[in-house]
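Me: I've got a model open and want to talk through a few of its parts. Can you take my questions one by one?

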Amino acid sequence: MIYYKTLFHLFGRYLDEQRRSDLLDLGTQIVDTAIWQALYEFQKDGVKGAINKMLRHNGCTIADSVGLGKTFEALAIIKYFELRNDKVLVLCPKKLRENWTVYQAQNNSPLNPFVRDRFSYTVLAHTDLSRETGLVGDVDLATLNWGNYDLVVIDESHNFRNSVRGRRDAEGQVVRRSRYERLLEDIIQSGVKTKVLLLSATPVNNDLRDLRNQLLLVTGGVDTAFKESLGIESVEQTLNVAQRTFGEWAQPSGERRTAALLERLSSAFFTLLDELTIARSRTHIKRYYGATIEALGGFPERKRPVALYPVIDSAGLFMDYDKLHDEIANYRLALFNPTRYVKPEFRAQYEQADQRDQKTRYFNQGLREQSLIGMMKVNFLKRLESSVASFAVTLQRTVAKIQALEEQIVRFCALQEATLAVEPPSLDALDPEDEELRDILQVGQRLKFALAHLDVAAWLADLQHDKRQLHSLYLAAKDVDAGRDAKLAQLKALIAAKAQQPTIDKRGHAKRKVLVFTAFADTATYLYQHLSPWARREFGLHVALVTGTGANQTTFGRAGFAEILTNFAPRAKQRDRISTMPQDGEIDLLIATDCISEGQNLQDCDYLVNYDIHWNPVRIIQRFGRIDRLGSVNEAVQLVNFWPTQDLNKYINLKSRVEARMALVDLTATGHDNLLVDQEQLADDLRYRDRQLLRLRDEVLDLEDFSESVALTEFTLDDFRADLVRFLQANRHTLETMPLGLYAVVPAEPVVAPSLRPGVIFCLRQKGPTGEAQIVNPLQPYYLVYVWDDGTVRFSFAQPKQILDLYRMLCADRAAADEALCALFDRATNDGTEMMRYNALLEAAVRDCERRFVKRSAAVLSAGREGVIPTRKQQVRSTDDVELISWLVIQSMA
């Protein structure tokens, strides 16, 4: 009871809003919808919390970890607002479009489990923001009223972490807006007032400023939007200050302790994330919804990953990965470097053209080209890591582009056409599947170069040298056919072993399913071509291919995106309810790109192969999240990773890769005077990301398992609010009438938490006016403090999440007092008449509040304009300045 009484005081201001939400739920009949009834308890709590935040602040970020059902949560939120007659737009990556269109009523798909909910939202891709005309399904972009949406749902919102400006002409006039600008101006700022729901498992990449640009979508670009409601003067300033604090904490020479960072971060930052974010991890769900999780069958056991290091060529004639890396590092790749050949007398002209674009003040065309060359070299290696067939395709494509440029130069030399011009290759000329190349090409001007201004003889000589090198390498790669492809042979061995020795699930069914992921459609198609006839002939396995680009293929059923996934995971996709689908037979081998690495439940499968390792470790976790899911019928799940070389240190420390990404940050980040100062931090971030990759060789991790990072779950308190709301349904009167000063005694069991020792958790309420103290104390006017018996403050008022976690673990499931402990406490205090020991601990807690308040005030004041100078009346200086709301005695039995 003491736990809920404490929550009642801390979060009482939210109760009226929660009641309004409950009434609205009944009025709009959300609880009667199919999507609501399909949600787990923790998902329903997340939906309620998100709706409350959206009603209060116009938006919310759902940052639940991989595999916890963000798509279903978003669908429930969409239905809530549709029932209010709101018009909804979903923006998603193009590769994930079918994840959303399958639920639209207009498609009348038999694969839609929520057909009776009649979803009417519009689905567009992020890339559609770059288009003025064209059809997307039945949506005509030329006539679309972009400003007529009451709610916009942005899937994978981290793609908008950079508020990149569009292209401007010499006079600064807009030539073409960026996607971010189009989203902000045409959808959010124009027309009707638009609420914003952001979905991302990784809203923050390397920089807390990533969050700023996403949250500014919620505010409609108004930096001061939360001044009145939350007391936050500036979203940008709050996040900039937090980033500086984070940067100091993350110095290579320092120790990344979460507690130290939380102590230093401002209350404004805590409040901002708590008010606008829903973030739960797998560990978090187990802790707060343990009984529910177990009733649903829990999560499957994660077996240790299998790491494989196949050679490229079983005949031993093709050079190995390490030698190829060294050779490619020396390639010039003049195709991507026209700036190098500009004649001296014309250089100023191109430099001036570059400087007109303000967003590339510190990243000129020459640096851009060098970054592109570095990324292309890396791309060659990534392609080879994927498959020798994909590597050959990329080489062939590059040679063709060199030949086309050679023809232009030869024509110029023959005709001397002074107006003939060239420009760096377009995205289509490079690799449309490479996200980092796409980032580079989206920023900065693509200048046209007049051939008359270039040393074409030197350029042509270098192009011909490159062509000979690349063509020779292409011929060697092309000779490594399926018969010599050692990696393909090893994959066949894995599939054969699984088919011949299937695992048995909880229902006693044999499992032969294998899910193979690759980063590239070229590799996926190559695998399907060589595996489907073999697997069908040798083991009777049905095989399918899903790439997100080009035609899907299958040996069983129809080749539609949703049909393939349903036939691969008939139980998870509830195929038995779809009368138009075949009920006998299913797909056992699915080959896919990352078009299904998010938003899909494929837990019928228990065996996943990463045929190539994505260099972003988050993507690896997302892939595994397709089968590692709550309620799985599998006892365990297995991950198999193909690595290109056993020398992983060399693999993850490619010099060209690091240099290119350093330049990429300079080019894409905004809001700084000189971005070069961030390169040391960037280098550390890359090293940190590489350490994650190394860990993934031996472990299966969640995002929050990277011990050096701080998850957004550290800043959200919604689960405690949800606990309180559930308890209030039957106990409101009891809580409202309970007196202040309530106490309880619980055992100090180290097994509960490593930080648990005998002591007291105090909940105090400051008396009188508190001024602007909420900038310092996230729960103002309440102070939570956990002090050990020796007077050491283990958790201060700056760490309310950690204290409430302990409170919950110690009290939430205890229906009755521990009589033996209570008797021990009574003897120690002479039935409560000798309280000197606890008075001393209370005074220690108050002194700590005073000291930390002054220290945090000074830190916030020095960091930015949101700082406050505490007056005497605004501070807790003695026990006379506070009321004792509750105190929890943590006592040893000894």
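Me: How many bridges join β2 to β6?
Reply: Quick background: this is a predicted model, where local features need pLDDT of at least 70, side-chain atom pairs count only at pLDDT 80 or more, and totals for chains, interfaces and linings use all residues. Residues are numbered from 1 along each chain as its sequence is written, and side-chain values use heavy atoms, with hydrogens and water left out. Strands here are DSSP runs (E, at least two residues; helices are H or I, at least four), numbered from the N terminus, and two of them pair if DSSP finds at least two bridges between them. β2 and β6 (residues 151-155) run parallel, and the number of bridges is 4.

Me: Which residue of β6 is the bridge partner of L91?
Reply: L91 points one way from β2 along with L89, while V88, V90 and C92 point the other way. Over in β6, the partner of L91 is I154.

Me: And which residue of β3 is the bridge partner of L89?
Reply: β3 (residues 122-125) also runs parallel to β2, with 4 bridges between them. The partner of L89 there is T122.

Me: Why is β2 largely enclosed by the rest of the structure?
Reply: Buried means under 20% relative accessible area (exposed is over 50%, partly exposed in between; 1.4 Å probe, protein chains only). β2 (residues 88-92) is largely enclosed because its buried residues number 5 of 5.

Me: What arc do the buried residues of α15 cover around the axis?
Reply: In α15 (residues 321-329), the buried residues are Y321, L324, H325 and I328. They sit on the same side of α15, because their arc (taken from the directions from the helix axis to the C-beta atoms) is only 105 degrees.
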